[in-house]
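This briefing concerns salt bridges and strand pairing in the structure shown below. Please consult the sequence alongside the coordinates.

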Amino acid sequence: MAASAETITHQADTRATWRELRTHHKKIRTVHLRQLFADDPQRGERFTIEAAGLFLDYSKNRVTDETIRLLLRLATDSCLPERIEAMFAGEKVNFTEKRAALHTALRSLQGTSVFVDGENVVLKVHEVLDRMAKFAASVRDGEWLGHTGKWIRNVVNIGIGGSDLGPVMAYEALKHYSKREMNFRFVSNVDGTDVVEALRDLDPAETLFIVSSKTFTTLETMTNAQSARSWLLSAFANDVRAVAKHFVAVSTNAAEVTKFGIDTGNMFEFWDWVGGRYSMSSAIGLSTMIAIGGDHFRGMLRGMHQMDQHFRSAPLEQNMPVLMGLLALWYNNFFGAQTIAVLPYEQYLKRFPAYLQQLTMESNGKSVTRAGRKVLVDTGPVYWGEPGTNGQHSFYQLIHQGTRLIPCDFIAFAAPVNPVGRHHDLLIANVFAQTEALAFGKTSGEVGVEGTPKWLVPHRVFKGNRPSNTIFAERLTPETLGKLVALYEHAVFTQAAIWDINPFDQWGVELGKVLAQRIVPELESETEPPLKHDSSTNNLIRHYRKHKETA
C-alpha cells in the first residue's frame with residue numbers, strides 16, 4: 001500500500017544517496033562530453049527514450065550510467081512513486097491549502113473514476129467540458145449573437161496568471177488550427193494600456209468577453225473586466241441587458257457573476273483542486289476551445305492524458321518526465337546551474353517558455369520543506385527562452401562562450417505545420433548544429449589549423465561540454481501540445497518530491513497583493529494620508545502623489 005503523501009518527509013542533502021551523488025559529481029564534473037561519446041560509441045542511441053509519441057535524446061548531458069542509477073535511486077529514496085500515486089489518487093497533496101491537486105483528472109477519460117471527498121470528479125469534469133463544447137460551437141457557428149444580433153467575431157479573454165498564460169500560450173501554439181475569421185485577444189496586466197490596446201479596433205457589437213476568475217474578485221482581472229464592461233455599455237447607451245450577451249464567466253462565485261450582469265447559465269465552473277498554473281485544460285481553456293473547436297481541444301486533453309498515464313505507470317528508468325526532472329535537478333544542485341533555457345524551434349511555440357516560467361517557478365520557488373524546515377539545497381531554477389533561430393542571434397553567445405553553465409531543452413518537430421520550400425530543413429539543421437556545438441565545442445587546435453592568427457585563437461575557441469536535451473515530435477498538433485505541457489508539469493512534480501517541497505501552493509504572491517490593497521487608498525486619497533510604511537515607500541508614495549497631480 002502506498003504511503004500517504006502527508007507521512008513522507010526528508011531533507012534532500014542529508015540522505016546517503018545525495019552524499020553519493022556529491023562524491024560521484026566530484027569524479028565526473030571535469031569529464032568532457034567529447035570523452036563520454038568517445039568511450040561509448042552507442043551513447044547517442046542508448047541515452048534516448050520514447051513515450052507517448054515524444055522522443056527524448058538526453059545523451060548530450062554530463063551524465064554516465066552511474067549518474068542515472070544514483071539519480072533514480074534518489075527518486076526512489078524520496079518516495080517519488082508513492083508521491084505520484086498520492087497525487088493521482090486525489091489525496092490532499094497540496095497540504096497547506098488542504099486540497100488535492102487533480103489537474104490530471106481534467107483530462108481523464110469519460111467513464112473513469114477519480115474521487116475527492118467521496119465524489120467522482122470525472123463526472124463533473126465532463127459535464128463542464130460538454131457545456132463548453134456546446135457554447136464554443138454556438139459562437140463559432142454564429143448561433144450565439146450579440147446584443148444587436150451581430151455575429152461574434154472577437155473574443156477577449158480577461159484573466160491573469162494561469163487564467164491568462166495557459167490560454168494565450170495555447171492559442172498562439174495552435175493558431176494554425178484556429179478559426180481564422182475570428183480575432184482572439186488576451187488582457188491580463190492591470191496597466192490600462194493592456195485593455196486599451198486589446199479593444200482599440202474592435203466592434204463592441206461583435207465582441208465577446210470571457211472573464212476568468214475563480215472568486216470573481218481578483219483585483220487585476222476585475223479591474224479590466226469593469227473597464228471592458230464600461231467600454232461595451234458606452235456603445236449601447238448604457239443598456240445593461242447587453243452585458244449578458246457579451247460576457248461569460250469562468251468562476252465559482254455565482255453571486256458576484258450575477259452582480260456583474262452575467263447570466264449564471266453562462267458561468268463555467270472549475271474547482272479548488274485545480275491550481276491556476278495547471279488549469280488550461282479546465283474551463284479556463286474556454287477561449288482555446290472557441291478558437292480551435294471542441295474536437296481539437298479534446299485532442300489536446302488526450303495528449304495530456306497519454307503523458308499522465310506514462311508518468312503514472314512507467315518504471316522510473318523509462319519515465320520521461322522523471323528523467324527530465326532528475327537531469328534538471330542534477331545541474332541545479334550539483335553543478336550550481338541557476339537557469340534552464342527552453343528553446344522551441346517552432347514559431348507557434350513562442351509563448352511556451354513564458355508559460356513554463358509560471359509552471360516551474362511558481363511551483364518550485366519554495367524555501368521550506370513540507371515539514372516547515374529550511375530547505376538545505378537550492379530549489380527552482382529560472383526558466384527562460386525564445387524560439388529558434390531568433391535566440392541564436394541574441395543570447396546563444398552567452399550559452400556557448402559565457403562563464404555560466406546553462407542547460408538547454410531544444411524542442412523540434414519532424415514535419416512543419418506550414419511547409420515552405422527549404423525552411424524546415426534549415427530550421428532542423430540549426431537544432432542539430434546547436435546541440436552538437438554546445439556539446440563538443442571547438443578546441444584551440446581545431447581553430448589553429450584553420451589558419452586563425454595566434455592572437456585570435458582564444459576568442460574563437462568553444463569550450464563545449466554544455467548540456468542539452470532534444471525533445472522531438474512528429475508535428476505540432478493539439479495532441480502534441482498537450483503531451484509537452486504534461487511532460488513539464490510532471491518533471492516539475494518530480495523535482496518537488498526530491499526537494500520535499502509543496503509545488504501546488506503559491507503563498508509568495510500574496511504579500512505584495514495585500515500590501516498593494518493598503519497602498520491604493522493612500523494613492524487615491526484627496527487629502528494627504530498618514531503613512532506608516534518604511535521611509536523609502538513613504539517617500540515614493542509622496543513623490544507619486546505630487547507628480548500625479550501635475551502630470
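**Salt bridges and sheet pairing**

K366 is buried, with a relative accessible area of 14% (buried means under 20% relative accessible area, exposed over 50%, and partly exposed in between, with a 1.4 Å probe and protein chains only). This is a predicted model, in which local features need pLDDT of at least 70 and side-chain atom pairs count only at pLDDT 80 or more, while totals for chains, interfaces and linings use all residues. Residues are numbered from 1 along each chain as its sequence is written, and side-chain values use heavy atoms, with hydrogens and water left out.

**Salt bridges**

- The structure holds 27 salt bridges, a salt bridge being a side-chain nitrogen of Lys or Arg within 4 Å of a carboxyl oxygen of Asp or Glu.
- K366 and D505 form one of them through their side chains, at 2.9 Å from N to O.
- K366 lies in the loop between α15 (352-364) and β11 (382-384) and D505 in the loop between α20 (478-499) and α21 (510-524), so this pair ties together parts that are 139 residues apart in sequence; helices (H or I, at least four residues) and strands (E, at least two) are DSSP runs, numbered from the N terminus.
- D505 is buried as well, with a relative accessible area of 5%.
- A salt bridge also joins the side chains of D500 and R370, at 3.8 Å from N to O.
- This pair links distant parts of the chain, with D500 in the loop between α20 and α21 and R370 in the loop between α15 and β11, 130 residues apart.
- D500 is buried, with a relative accessible area of 0%, and R370 is buried, with 13%.
- D201 and R185 meet through their side chains in a salt bridge at 3.1 Å, N to O.
- Because D201 lies in the loop between α8 (192-199) and β7 (207-212) and R185 in strand β6 (residues 183-187), the pair ties together parts that are 16 residues apart in sequence.
- R185 is partly exposed, at a relative accessible area of 22%.

**Sheet**

- Six strands form an open sheet in the order β1-β2-β13-β12-β10-β11, with mixed pairing; two strands pair if DSSP finds at least two bridges between them.
- The edge strands, β1 (48-51) and β11, each pair on one side only.
- Strands β12 (residues 408-413) and β13 (residues 468-473) pair in the parallel sense over six bridges.
- I471 in β13 is the bridge partner of I411.
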